[in-house]
Amino acid sequence: MNKSTLKNGLASGLKTTWTLGKIIFPITFIVTVLKHTPILDWIVTFIAPLMKLIGLSGEAAIPLVVGNFLNLYAGIGAILSLDLTVKEVFILAVMLSFSHNILVETSVALKVGVKLWVILAVRLGLALVSAFVINLVWNGGGEIAQYGFVSKKTEVVEGIIPIILEGLEKASYGILQLALIVIPLMVIIQVIRDLKWMELFSRKMAPVTKMLGMKENASPTLVTGLVIGLAYGAGVMIQAVKEDGVSKKDATLAFIFLVACHAVVEDTLIFLPLGIPILPLFLIRIITAFVLTMIVAYVWNRAELAKREEITYEA
């Protein structure tokens with residue numbers, strides 16, 4: 001690795017960390033503070049009556065709200081504090097795997113150029129439809145879930161100053177975590193670029209990206225999102241759109257795929273303490289990602305073809 005490669009990689013990593021950090025820090029701080037106000041409770045009270053339609057009790061709204069406003073870990077922490085059935089926990093796990101940390105990840109996706117309505121329709125739509133289908137087809141899972149050797153105790157924070165300090169601490173930790181992942185990743189990607197491995201990698205992934213309706217240069221984005229997640233993978237996606245000529249269409253298709261199936265190993269394994277079957281959870285995510293992306297790509301291509309034919313006919 002020569003000095004220019006390291007310098008360019010570090011510069012790219014710092015720039016991406018700054019870009020994403022400006023989103024992650026304030027949102028994490030605000031939501032952490034709001035957690036200690038009645039606002040989240042009001043939201044829970046509002047949506048609780050809707051829970052029965054997807055096979056959940058009213059209190060199951062708590063992990064849904066917390067998980068969507070914060071992250072999967074916060075959602076799982078909320079689940080651990082409740083006595084829910086195996087079926088309820090599995091439904092929550094599937095819903096949260098599709099729709100979590102929605103404020104941060106939506107803001108990051110908007111930076112890529114993906115439209116807001118697409119983000120919300122895909123994430124919330126997948127969560128609700130999956131819950132409805134699972135509740136409809138699964139008649140078992142009525143026993144109370146056993147969470148294993150996991151503590152349900154949470155530290156109570158009281159007072160304005162401690163709450164603000166907690167918000168600053170969590171927001172700062174989020175930026176640190178972001179930097180520790182993104183900066184080395186950008187250095188590695190710069191090395192791969194300079195060694196001309198990116199072209200080889202894209203060709204190897206070509207059959208998969210083509211099946212999903214995308215061009216070869218979308219491959220790094222897909223793999224990064226699958227391995228490290230949507231928010232962190234968005235840094236690579238932003239860079240790819242700017243430098244690799246990834247079209248807005250391919251960026252949108254990649255985002256749709258990654259919404260259903262990002263950080264696929266970590267985001268699946270962290271549900272292990274909940275005592276639910278994780279293989280079905282993994283399969284639901286990966287199959288949904290492939291099927292949904294291929295359907296959207298097909299419809300999009302047909303619409304583009306029809307538009308071109310219409311222009312040709314008018315000419």
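How do the residues of the lining of the second largest pocket divide into nonpolar, polar and charged? The lining holds 16 nonpolar residues, 2 polar and no charged; Ala, Val, Leu, Ile, Met, Phe, Trp, Tyr, Cys and Pro count as nonpolar, Asp, Glu, Lys and Arg as charged, and the others, Gly among them, as polar. The model is predicted, with pLDDT of at least 70 needed for local features and 80 or more for side-chain atom pairs, while totals for chains, interfaces and linings use all residues. Residues are numbered from 1 along each chain as its sequence is written, and side-chain values use heavy atoms, leaving out hydrogens and water.

The protein chain has 14 helices and 0 strands, where helices (H or I, at least four residues) and strands (E, at least two) are DSSP runs numbered from the N terminus. Of its 315 residues, 47% count as buried, that is, under 20% relative accessible area with a 1.4 Å probe and protein chains only; over 50% is exposed, and in between is partly exposed. Among contacts (heavy atoms within 4.5 Å) between residues at least 6 apart in sequence, 78% join residues at least 24 apart. The accessible surface comes to about 16,400 Å², 70% of it belonging to carbon and sulfur atoms, by the Shrake-Rupley method with a 1.4 Å probe.

The second largest pocket contains about 460 Å³ of space. A pocket is an open set of points on a 1 Å grid over the protein atoms alone, where a 1.4 Å probe fits, with protein on both sides within 12 Å along at least five of seven lines; lining residues have an atom within 4 Å of a point. The volume is the space filled by probe spheres set on the points. Of the 18 lining residues, Ile 47, Leu 64, Asn 68, Leu 124 and Leu 128 lie nearest the centre. Helices α2 (39-47), α3 (61-69), α6 (102-112) and α7 (116-137) each give two or more residues to this lining.

The structure also holds 2 aromatic pairs, meaning rings of Phe, Tyr and Trp (its six-membered ring) with centres within 6.5 Å; planes under 30 degrees apart are stacked, over 60 edge-to-face and the rest tilted. Phe 90 and Trp 138 pair edge-to-face, 5.8 Å centre to centre with 90° between the planes. Phe 90 is in helix α5 (residues 86-98) and Trp 138 in the loop between α7 and α8 (160-194), 48 residues apart. Phe 90 is buried at 6% relative accessible area, whereas Trp 138 is partly exposed at 26%.

Phe 257 and Phe 290 are also edge-to-face, at 5.2 Å and 90°. Because Phe 257 lies in helix α12 (residues 248-260) and Phe 290 in helix α14 (residues 278-314), this pair ties together parts 33 residues apart in sequence. Phe 257 is buried at 3%, and Phe 290 is partly exposed at 23%.
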